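Subject: Structure handover

Hello,

Here is the structure I promised to pass on. Please open it first, then read my notes below alongside it.

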Amino acid sequence: MQDADLLDCLVIGGGAAGLTAAVYLGRYKRRVQVVDAGASRLRLIPLSRNVPGFPEGIAGPDLWRRMREHAVAYGVPIAEACIERLEQRAGGGFIAHAAGREWHARYVILATGACDVAPEIPGLDHALQAGQVRYCPVCDGFETQGQRVAVLGRAGHGLRESLFVAGFGNEVTWLAMQSQEEVAPADLARLREAGVRIAESAPTRIECSQSDGVCVDLVNGQRLHFETLYPALGLVHACGLATALGARAHADGQLEVDAHQQTCVPGLYAAGDVSVDLNQISVATGHAAIAATAIHNRL
Ligand SMILES: Cc1cc2nc3c(=O)[nH]c(=O)nc-3n(C[C@H](O)[C@H](O)[C@H](O)COP(=O)(O)OP(=O)(O)OC[C@H]3O[C@@H](n4cnc5c(N)ncnc54)[C@H](O)[C@@H]3O)c2cc1C
């Protein structure tokens, strides 16, 4: 490989973080390439109402398309591929491999995101689009005011999310999946104070339909009805390319980074959901601006 082919920066992942990094690096006139596997969580958002500048809301796929167009407008190429392996390059930098192709770069921004652990619900995609199933109360808890809302998740995630969701003037039931025995008395008292009910037994089946909303059957034969369900089953962070190189991750999966978004592997940066527990578009774009500028200043 000729030195002229060496990228200043390879951005792995073309969602909110990766595309923002591409815009910044493109405008800094750096040699940058985005490689994206095409599964941004942006594409799952029916309508986001907390992106600054869009008071009427914007559909996730529209925002994703606009962000791609923005990166392309500054000359950044976007390849569709899934990076399978990242290695350190003799003499500095990195080599990324994907199905017989490879990219060499001085710096890498890992913007590979995270995936929600999905509940077993027939027609889940449709229920997500209809807003009956929602993953992110930070994003859309506001929209559940006055509704009957269920939170599905074991002690830990489920408990924290139930308390959070109950702050929106709704009627919350925690589907605790038989984990309420693990909850400390002080936390049970907090749930009571917040008005959160705990379902009497574990859910056996959840169904969503236009006519009946979200129906939950419990082991004890009860059937509960809700307008909205928040699964709180956790997230899987796509951090494997970095941890394979020795980058450290926190206990719940996101990568550890410094104030410039650099992991403990010199030259390897991380931005967006893969490196934070506040999974938000504005956080992902902020990370990307910080990482891209830090890299530009080092080049
Ligand atoms: C239903 C839903 C609603 C949401 N609503 C909102 C909202 O209203 N407001 C808000 O702020 N946030 C919302 N979010 C969260 C928001 O979508 C994420 O925080 C944001 O997309 C994170 O950006 P990211 O770039 O880190 O990850 P993503 O946008 O998920 O992008 C990651 C990209 O990396 C790619 N990738 C992964 N591994 C590889 C690899 N090995 N090689 C190449 N590419 C790879 C993926 O395919 C994907 O395209 C919502 C999320 C969901 C699921």
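Buried means under 20% relative accessible area, exposed means over 50%, and partly exposed is what lies in between. Keep that in mind below. One caution: this is a predicted model.

**The disulfide**

The count comes to one disulfide. Cys 136 and Cys 139 form it, with their sulfur atoms 2.1 Å apart. The link of Cys 136 and Cys 139 is right-handed, with 75° about the S-S bond. Is Cys 136 buried or exposed? Cys 136 has a relative accessibility of 16%, so it counts as buried. Cys 139 has a relative accessible area of 26%, so it is partly exposed.

Cys 9 is buried, at 1% relative accessibility. Cys 264 is in no disulfide either. Its nearest cysteine sulfur is that of Cys 239, 12 Å away. Cys 264 counts as partly exposed, at 35% relative accessibility.

**The nonpolar cores**

In soluble globular proteins, nonpolar side chains tend to be buried together. Now look inside this model. The largest nonpolar core has 33 residues. Cys 9, Val 11, Leu 63 and Ile 109 have the most contacts inside it. Six elements each supply at least two residues of this core: strand E1 (7-12), H1, strand E2 (32-36), H2, strand E6 (101-110) and H8.

Leaving out residues up to four places away in sequence, Val 11 touches Gly 18, Ala 21, Leu 25, Val 32, Gln 33, Val 34, Val 35 and Ile 109.

**The second largest pocket**

This pocket has a volume of about 250 Å³. Helix H1 (16-27), helix H2 (60-73) and helix H8 (281-298) are the elements that give two or more residues to its lining. The lining has 15 residues. Thr 20, Leu 63, Met 67, His 70 and Thr 285 lie nearest the centre of the pocket. By class, nine lining residues are nonpolar, five are polar and one is charged.

**A buried loop residue**

Gln 132 sits in the loop between helix H3 (124-129) and helix H4 (137-140). Gln 132 has a relative accessible area of 11%, so it is buried. Beyond its neighbours within four places in sequence, its contacts include Ala 127, Cys 208, Glu 227 and Leu 229.

Most residues other than glycine have a negative phi. Which way does Ala 99 go, positive or negative? Its phi is positive, near 40°. Ala 99 is in the loop between strand E5 (94-98) and E6. Ala 99 is exposed, with a relative accessible area of 66%.

Gln 178 has a positive phi too, of about 65°. Gln 178 is in the loop between strand E9 (171-175) and H6. Gln 178 counts as exposed, at 54% relative accessibility.

**One distance to check**

Arg 190 is in helix H6 (residues 185-193). Arg 190 is partly exposed, with a relative accessible area of 44%. Arg 190 and His 296 are 106 residues apart in sequence. In space they are 47 Å apart, C-alpha to C-alpha.

Best wishes

Notes. Residues numbered from 1 in each chain as written. Predicted model: local features only at pLDDT ≥ 70, side-chain atom pairs only at ≥ 80, totals over all residues. Heavy atoms only, no water. 1 Å grid on protein atoms, 1.4 Å probe; cavity = no way out; pocket = protein on both sides within 12 Å on 5 of 7 lines; lining within 4 Å. Points joined across faces, edges and corners; volume = space filled by probe spheres on them. Helix = DSSP H or I, 4+ residues; strand = E, 2+ residues; numbered from the N terminus. Nonpolar A, V, L, I, M, F, W, Y, C, P; charged D, E, K, R; others polar. Core = buried A, V, L, I, M, F, W, Y, C linked by side-chain atoms within 4.5 Å. Buried < 20%, exposed > 50% of the residue type's maximum accessible area, 1.4 Å probe, protein only. Contact = heavy atoms within 4.5 Å. Disulfide = S-S within 2.5 Å.
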